[in-house]
Amino acid sequence: MAKRTHEDAELTKQAILDSAFRLFSRRGYESTSLSDIARFAGVTRGAIYWHFKDKGQILVELCEKVNLDRMKSDALAEAADPREEDPLSKIVLWLKECGDDSSVQFYSSALFSLVDKIMSGACGSDDVREKLKGMFEKREALVCSALRNSVLKKQLPADLNIEFAVDVLGSFICGFVEYMRMGKGEHLRRNYDRVVKGIISSFKENELLHY
């Protein structure tokens with residue numbers, strides 16, 4: 001029997017993720033079993049357990065992969081890197097990516113709707129919700145690090161309330177997503193760059209966050 005290579009393992013993992021994406025989108029998370037995913041991917045259940053602990057981990061890794069694939073660059077991670085000399089411009093780029101065409105399409109996708117339902121408690125288990133919450137918390141920690149890096153590079157005020165700034169950015173993005181999903185966000189989208197510029201200006205002047 002030929003020895004299984006790392007490349008073979010990665011191809012198998014990708015096939016599992018692709019199958020899960022299609023089945024979750026068509027049938028929903030609850031109605032899709034590991035056996036369904038294995039059959040659709042042309043692999044055994046054992047192959048799935050080699051790569052993933054359970055169905056929840058598949059969903060989390062799928063979300064992480066889709067999130068990275070739709071980004072041309074991970075600007076937020078670059079902004080959080082202490083070696084980055086212009087972190088604020090990377091934060092602006094990240095915010096603009098959150099409002100570009102590919103992101104707006106993602107907000108209306110079946111996968112995004114599934115994650116939204118799980119986080120709201122409409123489906124899924126507490127364990128899956130905790131895993132997804134952990135993924136979101138990692139992203140939030142990156143936002144915090146990116147803002148702190150901008151303060152250290154003297155692009156933002158030294159007394160900036162970073163915790164509140166993270167909340168402001170998170171609320172803006174969540175609000176934009178919800179508006180787009182309700183079909184009410186076109187006016188906001190046309191003025192998206194102006195809104196981003198206004199938020200960053202308020203950070204620089206410390207008008208919104210100093211109290």
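## Basis of the description

A residue is termed buried when its relative accessible area is under 20%, exposed when it is over 50%, and partly exposed in between, with a 1.4 Å probe and protein chains only. By this criterion D36, at 12% relative accessibility, counts as buried.

The model is a predicted one, in which local features need pLDDT of at least 70 and side-chain atom pairs count only at pLDDT 80 or more, whereas totals for chains, interfaces and linings use all residues. Residues are numbered from 1 along each chain as its sequence is written, and side-chain values use heavy atoms, with hydrogens and water left out.

## Overall architecture

The protein contains 12 helices and zero strands; helices (H or I, at least four residues) and strands (E, at least two) are DSSP runs, numbered from the N terminus. Along the principal axes, the C-alpha atoms fill a box of roughly 65 × 40 × 30 Å.

Of the 211 residues, 42% count as buried. The accessible surface is about 12,000 Å², and carbon and sulfur atoms hold 53% of that surface; accessible areas come from the Shrake-Rupley method with a 1.4 Å probe, and for residues only the protein chains shown count as cover. Among contacts (heavy atoms within 4.5 Å) with a separation of 6 or more, 66% are between residues 24 or more positions apart.

## Salt bridges

The structure holds 11 salt bridges, each defined as a side-chain nitrogen of Lys or Arg within 4 Å of a carboxyl oxygen of Asp or Glu. One of them joins D101 and R189, whose closest N and O atoms are 2.1 Å apart. This pair links distant parts of the chain, with D101 in helix α7 (residues 101-107) and R189 in helix α11 (residues 186-190), 88 residues apart. R189 is partly exposed, with a relative accessible area of 22%.

A further salt bridge is formed by D36 and R27, with a distance of 3.2 Å between the closest N and O atoms. D36 is buried, whereas R27 is partly exposed at 44% relative accessibility. R27, D36 and R39 are linked in a network of salt bridges.

## The α3-α4 loop, α4 and α9

K131 forms a salt bridge with D54, the closest N and O atoms being 2.8 Å apart. Because K131 lies in helix α9 and D54 in the loop between α3 (45-51) and α4, the pair ties together parts that are 77 residues apart in sequence. Both partners are partly exposed: K131 has a relative accessible area of 22%, and D54 has a relative accessibility of 21%.

K131 is also a contact of Q57, which touches H51, F52 and K131 when neighbours within four places in sequence are left aside. Q57 is found in helix α4 (residues 55-69) and is partly exposed, at 22% relative accessibility. The C-alpha atoms of Q57 and L147 are separated by 30 Å, the two residues being 90 residues apart along the chain.

## Charge and the negative patch

The protein has 32 positive and 33 negative charges, and their mean positions are 4 Å apart. Lys and Arg count as positive and Asp and Glu as negative, while His and the chain ends are not counted; the place of a charge is taken as NZ of Lys, CZ of Arg, CG of Asp or CD of Glu.

On the surface, E130, E137, E140, E163 and D167 gather in a patch of negative charge. Patches are made of residues with over 30% relative accessible area and no salt bridge, like charges being joined within 9 Å and nonpolar side chains (Val, Leu, Ile, Met, Phe, Trp, Tyr) within 5 Å. Helices α9 (126-152) and α10 (162-181) each supply at least two residues of the patch, and α9 gives the most, with three residues. D167 lies in helix α10 and is partly exposed, with a relative accessible area of 40%.

## Two exposed loop residues

K154 lies in the loop between α9 and α10 and is exposed, at 75% relative accessibility. Although K154 is not a glycine, its phi is positive, at about 65 degrees. Most residues other than glycine have a negative phi.

S31 is found in the loop between α1 (6-27) and α2 (34-41) and counts as exposed, at 51% relative accessibility. S31 and Y49 are 18 residues apart in sequence and 19 Å apart in space, C-alpha to C-alpha.
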